[in-house]
Every structure is written in structure tokens, then in C-alpha cells.
Amino acid sequence: MFKIKRGTFALLATALVVTCYSCQNFSTKVFGNNQRDNDSTTIDEEYVAVKKPLLLDKWDSLARNQIHFTVDTVTKIDVKTQKKQLKDSLKRAFNELPKHVFLTFDDGPLVGSNVIDSLAKAKNIKVSVFLVGRHANMSKGRKNDLAHYKNNPLISCYNHSYSHAYNKFTHFYSDPKTAFADFEKNENDLGLEHKIVRLPGRNIWIYDDVRKIDLQSGSSTADLLFANGYKMFGWDVEWRINSLTGVPVQSFNEVFGRMKSFLNNKTTVTPNNVVLLMHDDMFQTKKGAQLLATLIDSLKAQDYKFEFMQDYPIKY
Ligand SMILES: [Zn+2]
């Protein structure tokens, strides 16, 4: 099993740079807070060294101070080529490292939650659930589902609001203070330990220095939550299955293929970390449960690591 230690990434990147550019003169550190200026004085404007391509901005937080890029200032490679070289180098370096999947299930407890609970144990994988307190209070069965979730060490419970906005999202987010109180109520009622939220009806990410908003309605509530110590996570890939028939809206191959290609192409919010959104009620039929088991087995076969959202993103 390939084990990664902090610093390995830097070594890999360094080795890669040495391999690629060993016969060239380089002096610019692209990443990191202590960026120093290029001390070469012989470059033309047209061939100015790439300091930090926009393309790579989003990778910076993952690998801050760990990846040292050097650029050719002698043989006059144009900026476009330099950017491509940097991008390709990073991709190769990331591909040498473990990849992480976050299976997330929204709206539970619902019929179907027991399948998720059982599969997490049977397959020995970490699973993240974003819970709705109103659903937990609907029946004894749902209360039992909640108890099973909370007693399962392979399941980590997070906040998806108490009311789920009664599915009237724009109205819900038009009053950020009331919306905030709804999340607080959910946290207290369910005894949630982590200040981690997924906003109902919105794919919004706010954590550390990342802020990604899909719809402006929701952003004020999200900012209020963040100001009060909450992190918010959306998703990279979504899988929908008809809850009554168990027939997937996106085929298994489509979802599995997207997860793999997003990881390989580094198009997830954080490279090498992919967040999949599903919903508890998708797995109430035998067909749905089988699809979930197949997905887990297929991800395992790729040697992807299963993680909790509280550990997102996995850094090197
Ligand atoms: Zn939801």
C-alpha cells in the first residue's frame, strides 16, 4: 500500500522539476508566501517567466509552500508553453499521490438510511451524512435511523438545516438570520459535533480561503454561518436515482466515469479530492442498494481512499 507523508509531495515535485528542467537555468519559485523575484536580467518581455498562472491558483491552497516551480529564463520558451508545462508537471505529480473520495448523503434520516448505515459497516468505509432534524422527528423509524448513524463510527453526521427550507429555498435564504437560527436548531436538536454545513438547494463552498457560490440567494446566509465558525461544502459530482423505482437518472458508468475523469483531469474543487452527492431515499429499493454497493466496490478497486468531510480537503 502506498503511504504518503507530509513533504513527499515536495520531493516528488522537486524530482520532477529536476528531471524536466535539469539542463536549464531556473530561479523563480512560483508557489508559496515567500515568493522571491526572478534574478535573471536577460529575458525579453515576450518570454517573461510565468510567476503564478491563474490556472493553478486553485491548487495553491492544497500545496502551499510545498511545490517549487522553476521556469526557463534562458531558452525563451513562450508563456503559453510554460503554463502548459507547469500544468502537466502538476498533473503528473498529483497523479502519483493517493486520491480521496467523499461519499455524502443528504436529507436523512429517511427510508434508505439503514442501507447506508449497513453498507458503511459491511464495506468498512467512511461515509458523511448531512441530516435534516425535521425528518428525524417524523417517526420512530427515523429516530432509530438517526441513532444508528450516530452510533456508527464509520458515519460522520453534519448539518443540512432543521427544516430543509421546506423546499422554498429563495424564500428561506431571503432572511439570513432566520435561516441561521434553523441551522442552529438542527445542531442542537441532533447534538451535532461538527460545525459543518451543506446548504439545502445550493452548491456553496466556504471554508478556509475558498468561497464558491452557485446562486447569490444563499450567499448572505452562508457568509453569516462562516462568520460564526461554520464551514460549508457543496459537491463535485451528483448521482440521482429514482427513489421509487431504483432506476438511476445518471447511469452507474456515467457517475463512476465522471468521478475518475474529474480526479484525473484535476477538475474537482480541490485536486485529488472528489465529493459525490447522493440522497438517502435513493437506496430504499434493492436495485438502488445494489448500485451503491457496486459503486463502493468500484471505487475501492481504484484504490481511492474514503474520507469524512471534516477532513476535507486532504493535503500533502
Ligand atoms: Zn437536501
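Select Val101 and Val274: Val101 stands opposite Val274, which lies in strand 9. This is a predicted model, in which local features need pLDDT of at least 70 and side-chain atom pairs count only at pLDDT 80 or more, while totals for chains, interfaces and linings use all residues. Residues are numbered from 1 along each chain as its sequence is written, and side-chain values use heavy atoms, with hydrogens and water left out.

Next, colour strand 1 (residues 100–108) and strand 9 (residues 273–279); the two run parallel and are joined by seven bridges. Strands here are DSSP runs of E with at least two residues, helices are runs of H or I with at least four, and both are numbered from the N terminus. Two strands pair if DSSP finds at least two bridges between them.

Stay on strand 1 and show its surface: nine of its nine residues are buried, that is, under 20% relative accessible area with a 1.4 Å probe and protein chains only.

Now select strand 10 (residues 305–306), which pairs with strand 1 in the parallel sense over two bridges. Lys305 in strand 10 is the bridge partner of His100.

Move to strand 2 (residues 127–131), another parallel partner of strand 1, with four bridges. Here Thr104 has Ser128 as its bridge partner. To get from strand 1 to strand 2, trace the chain through helix 4 (residues 113–123); this β-α-β crossover is right-handed, meaning that with the strands pointing away from the viewer, the path from the first strand over the helix to the second runs clockwise.

Finally, zoom out to the whole protein, with its 11 helices and 10 strands. Of its 316 residues, 52% count as buried.

Note on methods:
Buried means under 20% relative accessible area, exposed over 50%, partly exposed in between (1.4 Å probe, protein chains only).
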